[in-house]
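Here's a quick briefing on a two-chain model. Have a look at the structure first, then read on.

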Amino acid sequence: MSSCLIRDCLREETDPHVAPASFQAVVESDKITPEPPFLQAKQSQLPQPLLVRTPAPAPAPVSWPFSGREPHVRDTAGRQSHTRPRRDSPSPSARVEGRRCPGRQRKAPPEGPGPPEGPAIAEGPGLHDGRVWCPCCGRGVRRDGRRGGLALLQAGLMQHLAGPEHRRETARFWRENRAEAALRERCLVPAEEYEHFAQALERALAEHQQREEERILQVASVTPAAARPALAPPHPQASYCRDSPCAAEEPGPSGMQTGPDLARMESGKVLTFIGHQVGVTGAKPPWLIEEEDGSQQQIGPSYEEFLKHSEQLTHLLLKKLPVERVGANFDHTCQTSDSWLPSFGRVWNHGRRWQSRHQFRTESGEKKKKR
Amino acid sequence: MSFLLPKLTCKREVDQAIKSVAEKVLVLRFGRDNDAVCLQLDDILAKTAHDLSKMAVIYLVDVNNVPVYTQYFDISYIPSTIFFFNGQHMKVDYGSPDHTKFVGSFKTKQDFIDLIEVIYRGAMRGKLIVRSPIDPNNIPKYDLLYQEI
């Protein structure tokens, strides 16, 4: 089953401390590089250890290639492909490949924007909140450790796995599910290995601190100290004025250059500089400039189109009305004479309603004749 | 409130209104603008005109201007309100002697709204005469004059 896969993982292992039961990250065998823990020397990936400053979008750190916790219970021949033995981590030369295990995603509860697949791990808001479900303990475990503003990737999980509570729960879990006792050790992290891990963590932290300080100093030397407080409007002329008095002490790059540099530094990302725009000149706003507009195009529908459209709407409405309504077949547009009278059932009527007109005309005719 | 509602001044306009209003109840108030009860009725009509705008169209007609219709519709008391739908006259049984028109003013706006709705529904079902939902106590009483033929 996984023995061949384990062998693949162990091929580049140089540290003899690695426990025989190692956990493998992914079914697709990852590259294993014999590097100090948590650090990647590859240039393609940004050289940042697992310590990341949140929420700054720092480059990809190392992440522990932990798989989801899957105790090897109910091992049947058919299901072997699903099991993923855990890789033993805390050795100094452990794998640092930052590939996430797809099974892990299945197991872990939904964390904000999870890290994507692939060698480069993105950071961001999901870091501190990521949790992993531990089936033995039956609860979610915070995956990353916290140190100030930094997230120590996978440290929380490591701590949990090495702790006594987990040990107890794992034993109980094994007992209850009657799993193979030999496999139980693979779910635990021995204490001394956790010690190694913790020490390596401290070392990495110190190194990170040092690197940060160096970076700050470097940045500080580039820019003139006076211009740094007024970073928001990097107006070239203003920086020029400030440059001249302190030109003696600073190695004095021109103010123009500091503009883009400052923007670059402060935002952390690279903003595309498209050139300084001339300020307010009092000219006409562009939307009022219409002299060069040749074609006189009217926007909107023309009058005929509007009439057609409204007729369409009324036609649709009429279709919806009940057919048996009063006056459904009344012709609204017929031209009538001046002496037209509506169909009105009169009060003193002899006969049907439609004869009321006739009666009225007769009456009025009689009256006229009488006079 | 007669300045809030549209007016029809001659027979031709009344004809035009009767012929052209489609799929809505046409309400014609026959009366005089300065009559006391007419003012009361006009007030109610004006206030409800907007709410009923999808069901009814309301016009005011001065009886002095249209003698033909005053005779044809047998208007003896003012105000008299006559209802049309699609050019057809709608009769309403108010519990009063005359079913062809509503004589007098309404007591409340709700009475008028209910009446319009009943007329509208009846018209949609093809009924030329409907029964008024207004409480008979609220309907003005009058004596129908027998007209000698």
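This is a predicted model: local features need pLDDT of at least 70, side-chain atom pairs count only at pLDDT 80 or more; totals for chains, interfaces and linings use all residues.

Buried here means under 20% relative accessible area, exposed means over 50%, and partly exposed is in between (1.4 Å probe, protein chains only). Residues are numbered from 1 along each chain as its sequence is written, while chains are lettered from A and ligands numbered from 1 in the order in which they are written.

**Chain A overall**

- Chain A has 9 helices and 5 strands, where helices (H or I, at least four residues) and strands (E, at least two) are DSSP runs numbered from the N terminus.
- Reading from the N terminus, its elements go α-β-α-β-β-β-β-α-α-α-α-α-α-α.
- Chain A is 371 residues long, and 38% of them count as buried.
- Take the contacts in chain A (heavy atoms within 4.5 Å) with a separation of 6 or more: 56% of them join residues 24 or more positions apart.

**Where A meets B**

- Chain A brings 32 residues to the contact and chain B brings 37 residues.
- About 3,000 Å² is buried between chain A and chain B, with 61% of that coming from carbon and sulfur atoms; buried area is the accessible area (1.4 Å probe) that two parts lose on being put together, summed over both.
- V326(A), F344(A) and W348(A) give 26% of the area that chain A buries against chain B, more than any other three residues.
- The interface of chain A and chain B has 2 salt bridges by the rule, which asks for a side-chain nitrogen of Lys or Arg within 4 Å of a carboxyl oxygen of Asp or Glu.
- R325(A) and E23(B) pair up in a salt bridge through their side chains, at 2.6 Å from N to O.
- On the side of chain A that touches chain B, helix α9 (residues 356-370) of chain A gives the most, with 5 residues.

**Helix α4 of chain B**

- Helix α4 (residues 109-124) of chain B has 16 residues and spans 23 Å from first C-alpha to last, close to the 22 Å expected at 1.5 Å a residue; the expected span is 1.5 Å times one less than the number of residues.
- Its buried residues include F112(B), L115(B), I116(B), I119(B) and Y120(B).
- Among the elements covering the buried residues of α4(B) are β2 (25-31), α2 (36-49) and β3 (56-62) of chain B.
- G126(B) follows α4(B) and has a positive phi, near 90 degrees.

- V25(B) sits in strand β2 of chain B and is buried, with a relative accessible area of 0%.
- V25(B) and I119(B) are 94 residues apart in sequence but 7.5 Å apart in space, C-alpha to C-alpha.
- Beyond four places in sequence, V25(B) touches residues including V57(B), F84(B), I116(B), I119(B) and Y120(B).
- S80(B) belongs to strand β4 of chain B, and a polar atom of the S80(B) side chain lies 2.7 Å from the backbone oxygen of Y77(B).
- Neighbours within four places in sequence aside, S80(B) is in contact with residues including L28(B), F30(B), I75(B) and F102(B).

Notes
Side-chain values use heavy atoms; hydrogens and water are left out. A polar contact is a pair of N or O atoms within 3.5 Å; within protein, one must be able to donate a hydrogen and the other to accept it, and residues adjacent in sequence count only if both atoms are side-chain atoms.
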